[in-house]
Amino acid sequence: MKIFSVFFFSLLICSNIYGQQLSIENKPALNEESKSVDSWVVHVDQDMNFCFSAYSEFMRKNFDYRINRRSKIVHSVDKKLFTEISNLRIDQRAIFTQESKGTAIAFQFSPGYDIHFGNTMYKEEFDRARAMVVNYVHFHYKMFYDDQIKNLRSKIKGLEKNISNNQSKIEKNTKTVNLNAEDISNNAVGADKLREKNEKLEKDNVTLTTEIDKFRSQITQLETEIDNANQSLKVVEAFN
């Protein structure tokens, strides 16, 4: 789908820090009727399915509005008030387009069937609408990074449980080795078998200790990923 044509004004703000897209453009996009409408277009890293969910959650949590699906790629909230933009009830469309590095989402604002906020008509309202789009970008990435951090912490919790289980096994093995060592030193019956058992338990402990070191290394790596996600989120929060 072509979503670009001649336009009156263009604003582009980008940031590639931590590899994420932070971009908003003022340019026309085609609606579900293939009509070119002035839009605020955001570019994000995530796929369309995540963007569908983020847009729906944004409207639900911030405005208590439910979305309509006008087509597979055009979602909207219809005849609703956005008082920070206008005192008119409007249809707010979001048009989603898959890109090589993520998704473009065109935000359109229409108080009537063929009337739209834009660069010539309702320009003040259109300019004010950009702030809502910025808020969406903040919400979108916070939702993404919060989910990412939640998953990373869940993995850390699993690794910590593995470490605890291994430590318990080592403690149990060590206790058995010490008890066997006493019987061996006293030349108890079956001392040779006890020696073999102790050798096996000691080898098991070495393996368990190696695994613990590996788990701890993985935890360190995951904690670094959490730090990176938090740093990326700070960049998003500063974006306006």
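Helices (H or I, at least four residues) and strands (E, at least two) are DSSP runs, numbered from the N terminus. The model is predicted, so that local features need pLDDT of at least 70 and side-chain atom pairs count only at pLDDT 80 or more, while totals for chains, interfaces and linings use all residues. Residues are numbered from 1 along each chain as its sequence is written, and side-chain values use heavy atoms, with hydrogens and water left out.

Six strands form an open sheet with antiparallel pairing, in the order β1-β2-β6-β5-β4-β3; two strands pair if DSSP finds at least two bridges between them. At the edges stand β1 (23-30) and β3 (68-69), each of which pairs on one side only. Within the sheet, β2 (residues 36-44) is joined to β6 (residues 102-110) by 5 bridges in the antiparallel sense, and Val42 has Ile105 of β6 as its bridge partner.

Helix α2 (residues 123-185) lies across β1, β2, β5 and β6, at about 30° to β2. Such angles run from 0 to 180 degrees between N-to-C directions, with axes fitted as lines to C-alpha atoms, for helices over the stretch in contact; contact means heavy atoms within 4.5 Å.

Asn180 is placed in helix α2. Because its relative accessibility is 8%, Asn180 counts as buried, a term for values under 20% relative accessible area, with exposed over 50% and partly exposed in between (1.4 Å probe, protein chains only). Leaving aside residues up to four places away in sequence, Asn180 touches Leu194, Lys197 and Asn198. Ile115, in the loop between β6 and α2, is partly exposed, with a relative accessible area of 36%.
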